[in-house]
Amino acid sequence: MTVTVFGIRHHGPGSAESLLSALANLQPDIILIEGPPEGDELIPMLGHEEMVPPISLLIYAPKEPAKAGFFPFAIFSPEYQAIRFALANNISVQFMDLPYTHMLQIRKAEEEKAEEEAKQLAERSEADDARPETEETPPMPGEELDPNQPPPIAMDPLGALARAAGYEDGERWWERMVELRQDSTEVFEAILEAMQTLREHEENPFPRPYDELREAYMRRIIRKAIRDGYHNIAVVCGAWHTPVLTEEGMPTASHDNQILKGLKRIKVAATWIPWTHSRLSMFSGYGAGIRSPGWYQHLWENEADIAIRWLTRVGHLLREQDLVASTAQIIDTVRMAETLAILRDLPVPGLTELNEATLTVMCNANTKPMELIWQKLIVGETMGNVPEDTPMVPLQRDFERTKRTLRMRVEGEASTLNLDLRKPVHLERSHFLHRLQLLGVPWGKKEDVSGKAGTFHEVWKLAWSPEMIIKLIERSVWGNTIYDAATGYANHISEEADDLPTLTRLMREVLWSDLPEAIEPVVKRMETEAALTGDVTELMQSLPPLVDIMLYGNVRKTETAMVEALVDSIFTRVNISLPAACASLADDAAQEMFPLFMNFHSAVRSADNDNYLHQWYDTMRKMMDWDKVHGLLRGRCCRLLFDGSQIHHDEVIRQMRLATTTASKPIEVASWLEGFLRNSGLILIHDRTLLSVIDEWVLSLDEQDFVATVPLMRRTFSTFSLSERKEIGRLVSRIGQAEELADDDELALDLQRADAVLGIIGELLGVYDVE
């Protein structure tokens, strides 16, 4: 009986290639692979022709799907290749690691411990506040650690080896020593020896509470394989674990049983899901992530001419973006990369050499194209696929079925979907995306559409992430189909909602999702909440979504009659209550009211109801003339009435002069002007009289008042475009020059300067005799 341990780098193509060679020579009768045993029954699916990496083993608690773990595999992952080797050669294969059913309980205990420590820290902080300043506080455990120091060896053993070899980056060291290695013989013996040395110098080989449990369970599975009669056992695991899994390094079974004693479990389920290269990247937060999954796949797929083929792909990518990438540049880049490899004593150019050569030759030292190369090629946007018969909850299966029926594809790269709601299939796609959005599965994000096509045109940005499957599993308690789950979840939200704006937004989603069975319960809750609420701001927030429903409901073939009565009631109540609600507001409250006021105004104008518009204009007139209303809102009322042709220019001048009278406090005047001018300086450019009124008021301020109002006026003018501010500044500098103002922007001519260009202008116009 022999146990051969192969220490690998997770997701390392060099490790995968060396491992396949070693397994072919060893011909084991069982292969044990680091991974959760709950996935054992799913291993045969990796031989399915429709199973295309990158993929991930998903293990979750059915009662609490948010408690889940992902275990990804790329085509170049040593574990994946070992499983494929076993399946192809009829060799037994299974996972060996601490079952995830125990991991969930351990993590729960960790969370409870963290909460308790946070509570103690808060109590300690309160005690610190009560101590005299001279009393020193002893450090908490871990506070003495320097965050700038490298992580413990057990957390990053490859990084420790890289630093010892003079490298700053563990992945670059591994690439040079393993991935670009020409001779893979004895690589696993070298890894084992290196890990043994590191573990001897590491005071704490188990920085996480479950690390010791994991290794003890791995040894338990190895012993079980021996008891089951296997004689030639291959163990594939992360390099760090190798020394304690060999026959010589194993402690006794009783030692491990003592460690594993008392483990609790929780019921879990497992399945395969598609994964992406971007999620394999360490920058996604994945603990075992790598910097360059796209590059590693290129290494796996190409045994020869690695640099030439890579830079050819780079050239194609740059050309797709209309950037120059000639054949000659590609050749020169290859030569430079190979020269750098020779200077650095490398057998072939690595990614570092290729990037440096690309930046120099093909990008002309411009880092922007390199960002594109990094995103599209070095990391990549490849997305895997799983077979249809993969275990799924009913809701997830209905998602897949609906997606295929509507001819919608999940892709690793973000894409844009344009929908014409007059077309039945497009309308169904819209319903589908809105239902997913309601369920909290944001596969699509609806973009704002402007123009006349907006009523029947939708634009969605589609971007899938594997975590959305967890959300589908969570929402499966509300139904087995997307339609049923969305209906059930909408009813649940309406029962839990305690404010009108939430209910109106929900109502819009329900109608746009085409969920007729949820409409009546939501409307009843809205009517009840609207009748009970006395908060004008809630009523104002609720109107825009309801107006959207009235406007676009017919386009989406939804029933809107039940909404119209509610809109009428809400509008009437706001119209009556708003002036009093805006009286005596503090400055902060007025700033909060301003966007609500503007959204309400836009909704009223969009409602296409003349009666509403006339009543709203009457309300704004009352607010404009009532001095108890905050100046910010009175100024905006004046501007909206003027823009709506409800008051004449003379009345605007009168209102502005009234607001800027010396009897008014400068701060109040600045607020009125902010309300009138915010986001539009054009009116001051085209109306010199208004500009003159403001100029007169500014000139009338003493130094103290001027200094106090500058921040407010600066805030107002910051909402203007740069060109508007420049033009206003030019006009202000000329106020008082009567001849220029009288000519309405006509400037005095400098005849001498005009003569200097007259001949050139004549030639351009075809008039050669300009004397």
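1. Surface charge. In this predicted model, E49, E50, E388 and D389 together make up a negative surface patch. One of these residues, E50, lies in the loop that runs between strand 2 (30–34) and strand 3 (55–61). The relative accessibility of E50 is 36%, so E50 counts as partly exposed.

2. Cis peptide bond. The loop between strand 2 and strand 3 also holds P54. The peptide bond joining P53 and P54 is cis, with omega at about 5 degrees. For context, most peptide bonds are trans.

3. Positive phi at D322. Most residues other than glycine have a negative phi. D322 is not a glycine, yet its phi is positive, at about 60 degrees. Where does D322 sit? The residue is in the loop between helix 11 (306–320) and helix 12 (327–343). Its relative accessible area is 73%, and because the cut-off for exposed is over 50%, D322 is classed as exposed.

4. Positive phi at D345. A positive phi, near 60 degrees, is also found at D345, again a residue other than glycine. D345 belongs to the loop between helix 12 and helix 13 (351–362). Is D345 buried or exposed? With a relative accessible area of 62%, D345 is exposed.

5. Cysteines. How many disulfides does the model contain? The count is zero. C582 takes part in no disulfide: the nearest cysteine sulfur belongs to C637 and is 7.6 Å away, whereas a disulfide needs the two sulfur atoms within 2.5 Å. C638 is likewise in no disulfide, and its nearest cysteine sulfur, also that of C637, is 8.8 Å away.

6. Burial of these cysteines. C582 has a relative accessibility of 0% and therefore counts as buried. C638 is buried as well, with a relative accessible area of 0%. Buried here means under 20% relative accessible area, so the value of 0% places C582 in that class.

Conventions: Residues numbered from 1 in each chain as written. Predicted model: local features only at pLDDT ≥ 70, side-chain atom pairs only at ≥ 80, totals over all residues. Heavy atoms only, no water. Patch = residues over 30% accessible without salt bridge, like charges linked within 9 Å, V, L, I, M, F, W, Y side chains within 5 Å. Areas by Shrake-Rupley, 256 points an atom, 1.4 Å probe, with all protein chains shown as cover. Salt bridge = Lys/Arg side-chain N within 4 Å of Asp/Glu carboxyl O. Lys, Arg positive; Asp, Glu negative; His and termini not counted. Charge placed at Lys NZ, Arg CZ, Asp CG, Glu CD. Helix = DSSP H or I, 4+ residues; strand = E, 2+ residues; numbered from the N terminus. Buried < 20%, exposed > 50% of the residue type's maximum accessible area, 1.4 Å probe, protein only.
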